[in-house]
Protein chains: 2
Amino acid sequence: MRGRFITLEGIDGAGKSTHLRWIARFLMDHGRKVMVTREPGGTAVGEKLRGLVLRGNHGLNPETETLLMFAARREHLDKVIIPALARGHWVLCDRFTDATYAYQGAGSGTDWKKIGLLERWVHDGLQPDLTILLDVSPAVGRQRARRRQQPDRFEREKGAYYRRVRNAYLRRARANSRRVRVIDAGRSLPEIHKELEEILLTYC
Amino acid sequence: MRGRFITLEGIDGAGKSTHLRWIARFLMDHGRKVMVTREPGGTAVGEKLRGLVLRGNHGLNPETETLLMFAARREHLDKVIIPALARGHWVLCDRFTDATYAYQGAGSGTDWKKIGLLERWVHDGLQPDLTILLDVSPAVGRQRARRRQQPDRFEREKGAYYRRVRNAYLRRARANSRRVRVIDAGRSLPEIHKELEEILLTYC
């Protein structure tokens, strides 16, 4: 039986890593085989591209960055995601194409129509079964992300940038309301887990 | 006055480097400012991507490789080619998009229609003013390329691969006959230079 493909999205500091671990545990407790991966990255070449984009100091053209994200994604789908789904694993992916619309699109200025062309080019019809958008205000995200040791290039961006990214995510959620579930991630962990549990049980 | 954009194409061992130097000298002798560059590469990030593709051992999906080529190209156009043309330089580029059709397309199997979509995405209407296709048989190219110390991943490919690449170049030339000039590069240097001179003088 083909597994499910679940992506987690949200601005930096929304709590993706924490909730991703919780979801993985929850699914394993329900007898599912789980594979956890991330974007950009997830493959040898993808991690190198992640380094170029997140840690590089090349002043990349936003369209170059968008193409690199989709190059990493093509490899990730081919080598990791599609084979894992075929083996019956549930794939939990920390960021996917919605992040490209939010960051490279609304954040950095690549036209959404051009992102849509690459999405069709690369996805070949595949979409996540479920996307969980962890929504927090940029102020809260900022406060949480600030505790990290070494912020990457995106984490150093200004407040206006994060407002654009957050709004873009919410716009994507409205336009894809069957796939994307928005979670208010400013609440306590037990409240969030309760809502995640309800959502996940409808897929189990 | 905007400069001219000239690309050189051909299979490995066709003599691109030799003829590129000769063309650069010829144009400088005719009072042109010349900039020489190459693909994949030409920018800091482009050279890193060149390393990933030519020297890497990732067994890349051909579509990933195609996306990486166009990512490098977007950056190259933005940071190097378009500004140089605007400053009035003549840009001589060792390989460009025809090479993607030939190598990633005919060589490795990426659909030409999908390459065409990326070409439109990335070029934004810009095309070389002139493309010189140095045509040799795979046997001759092979013999010349073999003299090199460290063949890259493509140079280690087999004869059938090179026949596909060469035929793809010739097909591109037929479909773009106003832009692409095919030179029989199996002849002597003086014969080739005489033909190059005639072609270049019509652009000077």
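Predicted model: local features only at pLDDT ≥ 70, side-chain atom pairs only at ≥ 80, totals over all residues.
User: What makes helix 2 of chain A roughly antiparallel to helix 2 of chain B?

Analyst: The axes of the two helices cross at roughly 170° and come within 12 Å. Angles over 145 degrees count as roughly antiparallel, so helix 2 of chain A and helix 2 of chain B get that label.

User: Which residues make the contact there?

Analyst: From helix 2 of chain A you have A:V45, A:K48, A:L49 and A:L52, and from helix 2 of chain B, B:V45, B:K48, B:L49 and B:L52. By type, that's six nonpolar, no polar and two charged. Lys counts as charged, while Val and Leu count as nonpolar.

User: Why is helix 4 of chain A called mostly covered?

Analyst: Buried means under 20% relative accessible area, and 10 of the 11 residues of helix 4 of chain A are buried. Among them are A:T97, A:Y101, A:Y103 and A:G107.

User: What do the buried residues of helix 4 of chain A pack against?

Analyst: Strand 1 (5-9), helix 3, helix 5 (112-123), strand 4 (130-135) and helix 7 (159-175), in chain A.

User: How many residues line the second largest pocket, and which lie nearest its centre?

Analyst: There are 28 lining residues, with A:D12, A:R50, A:L54, A:R95 and A:D152 nearest the centre. Helix 1 (16-29), helix 2 (44-55), helix 3 (62-86) and helix 4 (97-107) of chain A each give two or more residues to the lining. The lining divides into nine nonpolar, seven polar and 12 charged residues, and the pocket holds about 500 Å³ of space.

Notes:
Residues numbered from 1 in each chain as written. Chains lettered and ligands numbered in written order. Heavy atoms only, no water. 1 Å grid on protein atoms, 1.4 Å probe; cavity = no way out; pocket = protein on both sides within 12 Å on 5 of 7 lines; lining within 4 Å. Points joined across faces, edges and corners; volume = space filled by probe spheres on them. Helix = DSSP H or I, 4+ residues; strand = E, 2+ residues; numbered from the N terminus. Axes fitted to C-alpha atoms, helices over the stretch in contact; angles between N-to-C directions. Parallel < 35°, antiparallel > 145°, perpendicular 65-115°, else oblique. Contact = heavy atoms within 4.5 Å. Buried < 20%, exposed > 50% of the residue type's maximum accessible area, 1.4 Å probe, protein only.
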